[in-house]
Amino acid sequence: MNLARRDVMLGAAALSLASSTRVLASEDRPLGYAIVGLGNYGLGRIIPEFANCRHSRLAAVVSGDPAKAAKVAADHKLPKRSIYAYRDFDRIRDNPEVDIVYVCLPNAMHAEFSIRAAQAGKHVLCEKPMAISVAECEAMIAASRKADRQLMIGYRCHFEPYNLEAMRLARSGAAGKIRYVRSEHGFVAGDPEAWRLKRALSGGGSLMDMGIYSLQAARYMTGEEPVAVTARESTDRRDPRFREVEDMIDWTLEFPSGALGSCQSMYSASQNHILLMGEKGRIELEPATGYSGQKLWVGSNGRDRAVTPPPGPAKTQFAGQLDHMAQCAANGRTAIVSGEEGLRDMRIIEAIYRSAREGRTIRLDGRA
Ligand code: NAD
């Protein structure tokens, strides 16, 4: 057979496979995920969550540690052919059991593996932060578009009932006209050798890792996009943990309505908090964005009334996120937290760093 014609036929077969995948995706045929990176999050948090899913299942693992990968595969009854190393990851193209690749690697590896996954014809769910630069985020979006595959970012709070209820209350005017949102996120970093504290792998310090929750909160609680940001940093560079990345960073977002987003992140204190203040009252979450144990209050002067939201459609926020991606992949829909959403955050993150560095306000709306 003429090679060009064979390519056309293979292309047609791939297309018909893609459309049959769409038709077949249901609770009877949950979509298959490959988890890339068997660390604390991928292995410890995500893999156990497939038991809570209706539309998603574990289909493959990708790891740099063959013994660990073999054990995880055996524990989950995956065949040997569904174990990949980072090196031979691109072979995943030939595995019809894998519909979605979930990237749970250090931040600086997100772009490479998301792009390789899209080029292998797979949908991608990528952990936060989406990547370590705007340019990388744009390349990831372009690769997914070119492959006609979905790209979603692991912003799990959009599937977490307390955060969803807080957003609903804010939009419904429960606090009146919004004046400001405060949000602080952090933990106390330990081992100075951890990848989170190495710039080449993390892309930055507490802002990349935890500040992104504060930034997301300011955006989803106000429902607005910031027009300017002013930031400053406080880092003890003599501390061996902070030779390469920032410890504490504080930034103020200006929103078009006049509301302010007052945000912080740090690697030297434990914080997990969102507070929205309006002319009529307040909406407060603490802990706000953890894996579980959220608490939500509304009040006029303080934490007057605790709110228990109705349970979400999924058993957990993690299962909700996995199943949302599976349904988007199956139906050709864009995820509620798509690559574009990750890119919006990365543009703001770059502006926050620039503001702290240059000691001035950075406009985000293109005005001088
Ligand atoms: P981790 O260190 O526990 O796991 C990282 C994995 O990447 C490990 O399996 C490690 O072996 C592998 N790896 C491959 N190359 C590596 C290299 N050069 N250096 C270090 N590790 C390498 O990290 P984690 O906590 O699982 O974080 C992974 C990603 O998940 C990060 O992007 C992080 O921001 C994100 N995360 C998200 C949440 C959330 O709630 N959404 C929570 C934790 C982590």
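I took a polar contact as a pair of N or O atoms within 3.5 Å. Glycine 39 also places a backbone N or O atom 3.1 Å from a ligand oxygen atom. From asparagine 107 a polar side-chain atom lies 2.8 Å from an oxygen atom of the ligand.

I then computed cover: the ligand taken alone exposes 830 Å², and the protein buries 78% of that (Shrake-Rupley method, 1.4 Å probe).

I noted that this is a predicted model in which local features need pLDDT of at least 70, side-chain atom pairs count only at pLDDT 80 or more, and totals for chains, interfaces and linings use all residues. Residues are numbered from 1 along each chain as its sequence is written, and side-chain values use heavy atoms, with hydrogens and water left out.

I listed the shell next: 22 residues surround the ligand, and the closest are Asn40, Asn107, Lys128, Arg156 and Trp195 (a heavy atom within 4 Å). Domain 1 (3-156 + 318-338) and domain 2 (160-312 + 347-363) both contribute residues to this shell, so the ligand lies between them; the bounds come from an automatic or database domain assignment.

Last, I checked helix 3 (residues 66-75), whose buried residues are Ala69, Val72 and Ala73 (buried means under 20% relative accessible area, exposed over 50%, with a 1.4 Å probe and protein chains only). The face turned away from the buried side of helix 3 carries the exposed residues Ala67, Lys71 and Ala74.

Conventions: Polar contact = N/O pair within 3.5 Å; in protein donor to acceptor, adjacent residues only side chain to side chain. Helix = DSSP H or I, 4+ residues; strand = E, 2+ residues; numbered from the N terminus.
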